[in-house]
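Keep the structure open beside you as you read.

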Amino acid sequence: PNNLMILINSIGYGAITIFISLPLALICSYFLSKKMPFANVFRFIFFLPNIISIVALVYAFKMQLDSNAGLIYQMLIQLNDSVWPNTTIIVYIYCIWAGIGYNVLLLSGAIGRVPQELFESAQMDGASNFTQFTKIMIPMIWPTIVTLIVLGMTNILTLYLQPVLFGYSYTETIAGSIFDGVSSAQTTQYPVFAAFGLLFSLIFAPLILLVRRVASKKYSDTEC
């Protein structure tokens, strides 16, 4: 049961990166590319979590969950005083918040290389923002999106520091369990944890490569 929990948690971190953080970053990057007011300020704010120590960020986030003065805690209590997210969901929320900025930075750079004439021509033809987003922007920056999908899937095998810093129960990941095991075990147990890591690598590495290959074929005939 513990190993199943670890596997579910790890897959969850990969899933929220690909299906929540990445779409949110795409939307934010698109609107920032429209020269909205203070666009560069927003880019800087988005990127702040990536240049501040993760220890400081986790501590600041945990303060907002404090039952006495935490802003997030007070907001959730106002919505429903009988429901409080479990510890795994709290860490997921943190990873979404802290991970959007990195994706926005990379996607903004990719969008900046797309010829603006394409968007101007689409506007003259009456294309809506949604059409420009789905029919022009996404195909033109698809290689960058594929790279971020692959990086999101590698989180399944590599993410461990955030759950460790939060210190909550039932948030262990594959990498975190190996880290804890190696830190506390005798050297004679190292082969056990090495085999544990290799087992999951043999399972997920081919899957990640397969997803990359299949995803790369979509919009393969589109050139920027």
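Helix H7 covers residues 129-140, and its 12 residues, at 1.5 Å a residue, should span 16 Å. The expected span is 1.5 Å times one less than the number of residues. The end C-alpha atoms of H7 sit 15 Å apart, which agrees. As for what a helix is here, helices (H or I, at least four residues) and strands (E, at least two) are DSSP runs, numbered from the N terminus.

This is a predicted model, so local features need pLDDT of at least 70 and side-chain atom pairs count only at pLDDT 80 or more, while totals for chains, interfaces and linings use all residues. Residues are numbered from 1 along each chain as its sequence is written, and side-chain values use heavy atoms, with hydrogens and water left out.

Back to H7: which of its residues are buried? They are Gln132, Phe133, Ile136, Met137, Ile138, Pro139 and Met140. Buried means under 20% relative accessible area, exposed means over 50%, and partly exposed is in between (1.4 Å probe, protein chains only). The cover over these H7 residues includes helices H1 (2-32), H5 (87-112), H6 (116-124) and H8 (142-158).

**The whole chain**

Zooming out, the protein chain has 11 helices and zero strands. Of its 224 residues, 36% count as buried. A contact means heavy atoms within 4.5 Å. Among contacts between residues at least 6 apart in sequence, 75% join residues at least 24 apart.

How confident is the predictor? Its score for each residue is pLDDT, from 0 to 100. The chain averages 84, and 90% of the residues score at least 70. Confidence is lowest in helix H4 (residues 71-79), with a mean of 69, and highest in H8, at 93.

**A few residues up close**

| Residue | Relative accessible area | Class |
|---|---|---|
| Thr171 | 2% | buried |
| Gly12 | 13% | buried |
| Gln162 | 18% | buried |
| Phe46 | 25% | partly exposed |

Thr171 lies in the loop between helix H9 (161-166) and helix H10 (174-184). What does Thr171 touch, not counting residues up to four places away in sequence? Its partners are Asn9, Tyr13, Thr87, Thr88, Val91 and Pro163.

Gly12 is part of H1. The C-alpha atoms of Gly12 and Asn155 are 9.4 Å apart, although 143 residues separate the two along the chain.

Phe46 is in helix H2. Leaving aside neighbours within four places in sequence, Phe46 contacts Cys28, Leu32, Ile100, Gly101 and Val104. Phe46 and Tyr102 are 56 residues apart in sequence but 7.6 Å apart in space, C-alpha to C-alpha.

**A nonpolar patch**

Now for the surface. Ile27, Phe31, Met36, Phe38, Val41, Phe42, Phe44, Ile45, Ile51 and Ile52 make a nonpolar patch of about 950 Å². H1 and helix H2 (39-51) are the elements giving two or more residues to the patch. The largest share, five residues, comes from H2.

Definitions and conventions: Patch = residues over 30% accessible without salt bridge, like charges linked within 9 Å, V, L, I, M, F, W, Y side chains within 5 Å. Areas by Shrake-Rupley, 256 points an atom, 1.4 Å probe, with all protein chains shown as cover. Salt bridge = Lys/Arg side-chain N within 4 Å of Asp/Glu carboxyl O. pLDDT = per-residue confidence, 0-100.
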